[in-house]
Amino acid sequence: MNFKIIKKIIIAILALGLISVFILKYIHINNNNSYLGVTKKILITKNTTIKAHNLNFKIKDYKVIPTKDKLFVGLDVEIQKTGALNFSFKENNTNFFDNMYVSSPYYTAPYNHSIEELNSENSKMNINLFNQGKLSTVHLTFEINKKFYNLKTKKLIYYFLVPTDGLHKYTKYYLPLIY
């Protein structure tokens, strides 16, 4: 046989093998429930208590404060643990702050570490009270650089990912921030 024909056959076999590996990986990921991530998206409203899986919360109020080069978003959130939680893909992790963020079409802002308990003046939120299942009120501050923000649409959305079952499934609660 000609060397060029053998070379073409080997390349064709390798290409078919590579394509079949990609197809099998695609089928595996889409059939495996542990890769689901966000399984539901739920629109929430201000001053409505949300009874999520092992967690109750309510967005009491929010403010969007524009400055020369940044937007500051402040949220007052009432939150209460009602069962075991698995935030940030870690078992029994109650650090819900990592799962809250504000997003504009071109940028996602995680919270700033200025969390205060609103029930007392300038004291840090007592995470132990939250872990005991007591109602806690926190103030969250998000900072967005204006160069990543579309001033024409003024579209900001607050997101809170709450674990639902196991370590890999979440419900995404979202609140459009209108100002």
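This is a predicted model: local features need pLDDT of at least 70, side-chain atom pairs count only at pLDDT 80 or more; totals for chains, interfaces and linings use all residues.
Residues are numbered from 1 along each chain as its sequence is written, and side-chain values use heavy atoms, with hydrogens and water left out.

Me: Why is lysine 172 called buried?
Reply: Buried means under 20% relative accessible area (1.4 Å probe, protein chains only). Lysine 172 has a relative accessible area of 15%, so it is buried.

Me: What makes lysine 172 a charge over the ring of tyrosine 159?
Reply: The rule requires NZ of Lys or CZ of Arg within 6 Å of the ring centre and within 35 degrees of the ring normal. Lysine 172 lies over the face of tyrosine 159, at 4.9 Å from the ring centre. Lysine 46 is likewise placed over the face of tyrosine 62, at 5.6 Å from the ring centre.

Me: Which residues does lysine 172 contact, leaving aside its neighbours within four places in sequence?
Reply: With contact taken as heavy atoms within 4.5 Å, the partners are Val38, Lys40, Lys41, Ile42, Tyr101, Tyr159, Phe160 and Leu161.

Me: What makes Phe57, Phe160 and Tyr173 a cluster?
Reply: Rings of Phe, Tyr and Trp (its six-membered ring) pair if their centres lie within 6.5 Å. Such ring pairs link Phe57, Phe160 and Tyr173, and the count of aromatic pairs is seven.

How values were computed:
Rings of Phe, Tyr and Trp (its six-membered ring) pair if their centres lie within 6.5 Å; planes under 30 degrees apart count as stacked, over 60 as edge-to-face and the rest as tilted. Buried means under 20% relative accessible area, exposed over 50%, partly exposed in between (1.4 Å probe, protein chains only).
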